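Work through the exercises below with the structure open beside you. Try each task before reading its solution.

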Amino acid sequence: MYRKEELNILNELDKYLKSDMLEDYWYDSTLFICEDIIQKFSSTEWDKLENMIPKEDICWNIRLAECLGDINNQYAIECILKMLNTGNDNVFIACIDALRDMDMLFLGKDKVKQFKEKAEILLQESTLPVQKILEVFIKKADNLK
């Protein structure tokens, strides 16, 4: 059973992730509000968030991945790993973008290799901005020894 405070903070985050807003407003304001909310999470809230991931739509998952990029902890990585397995290329790219600034040693060499291989495939058909994201990730993956 979850405490009322835990549900309130999760509901607040969920409301922002699901809100219908202009993309500029998301990146200029709401993204940072969501990061602040997530920074306050307890381990129980992280577990609940991770359980929400497969139930939510693509846009929600992309927004969550964007929020987790600056939160470099094991909980954030676990959520990103769960999203990486959704099978959606746009979610995958958002997760790869989030991982670029994280310590990828948490992932383990097998996971890094798996995600690098998929990134190399997507690189061939991606737009220039997405190519840059994937190239940085691939280079970082190559440097992990």
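This is a predicted model: local features need pLDDT of at least 70, side-chain atom pairs count only at pLDDT 80 or more; totals for chains, interfaces and linings use all residues.

**Exercise 1.** At what angle do H7 and H8 pack, and which residues meet?

*Solution.* Step 1. Helix H8 spans residues 128–143.
Step 1. The angle between H7 and H8 is about 145 degrees, and their axes are 9 Å apart.
Step 2. The crossing of H7 with H8 is left-handed.
Step 3. On the H7 side the residues are Val112, Phe115, Lys116, Ala119, Glu120, Leu122 and Leu123. On the H8 side they are Gln131, Leu134, Glu135, Phe137, Ile138, Ala141 and Asp142.
Step 4. The residues of the contact of H7 with H8 divide into nine nonpolar, four charged and one polar.

**Exercise 2.** Which residues of helix H3 are buried, and where do they fall when seen down its axis?

*Solution.* Step 1. H3 runs over residues 43–52, and its buried residues are Glu45, Trp46, Leu49 and Met52.
Step 1. Seen down the axis of H3, the buried residues fall within an arc of 115 degrees, so they line one face of the helix.
Step 2. Recall the general rule: an α-helix has 3.6 residues a turn, so residues three or four places apart point the same way.

**Exercise 3.** How many disulfides does the structure hold? Check Cys59 and Cys79 in turn.

*Solution.* Step 1. Recall that a disulfide is a covalent bond between the sulfur atoms of two cysteines.
Step 1. The structure holds zero disulfides.
Step 2. Cys59 is in no disulfide, and the nearest cysteine sulfur, that of Cys67, is 11 Å away. Cys59 is partly exposed, with a relative accessible area of 39%.
Step 3. For Cys79, the closest cysteine sulfur is in Cys95, at 9.7 Å, too far for a bond. The cut-off for a disulfide is a pair of cysteine sulfur atoms within 2.5 Å. Cys79 is buried, with a relative accessible area of 1%.

**Exercise 4.** Is Ala98 buried or exposed? Which residues is Ala98 in contact with, leaving aside its neighbours within four places in sequence?

*Solution.* Step 1. Ala98 lies in helix H6.
Step 1. The relative accessible area of Ala98 is 4%. Buried means under 20%, so Ala98 is buried.
Step 2. With those sequence neighbours left aside, Ala98 is in contact with Ala65, Gly69 and Ile80.

**Exercise 5.** What is the C-alpha separation of Glu78 and Leu107, and of Val136 and Glu12?

*Solution.* Step 1. Glu78 is in helix H5, residues 74–84, and is partly exposed, with a relative accessible area of 31%.
Step 1. Glu78 and Leu107 are 29 residues apart in sequence, and their C-alpha atoms are 8.9 Å apart in space.
Step 2. Val136 is in helix H8 and is partly exposed, with a relative accessible area of 41%.
Step 3. Val136 and Glu12 are 124 residues apart along the chain, and their C-alpha atoms are separated by 33 Å.

Methods:
Residues are numbered from 1 along each chain as its sequence is written. Side-chain values use heavy atoms; hydrogens and water are left out. Buried means under 20% relative accessible area, exposed over 50%, partly exposed in between (1.4 Å probe, protein chains only). Helices (H or I, at least four residues) and strands (E, at least two) are DSSP runs, numbered from the N terminus. The arc is that of the directions from the helix axis to the C-beta atoms. Axes are lines fitted to C-alpha atoms, for helices over the stretch in contact, and angles run from 0 to 180 degrees between N-to-C directions. A crossing is left-handed if the near helix is turned anticlockwise from the far one by less than a right angle, and right-handed if clockwise. Contact means heavy atoms within 4.5 Å. Ala, Val, Leu, Ile, Met, Phe, Trp, Tyr, Cys and Pro count as nonpolar, Asp, Glu, Lys and Arg as charged, and the others, Gly among them, as polar.
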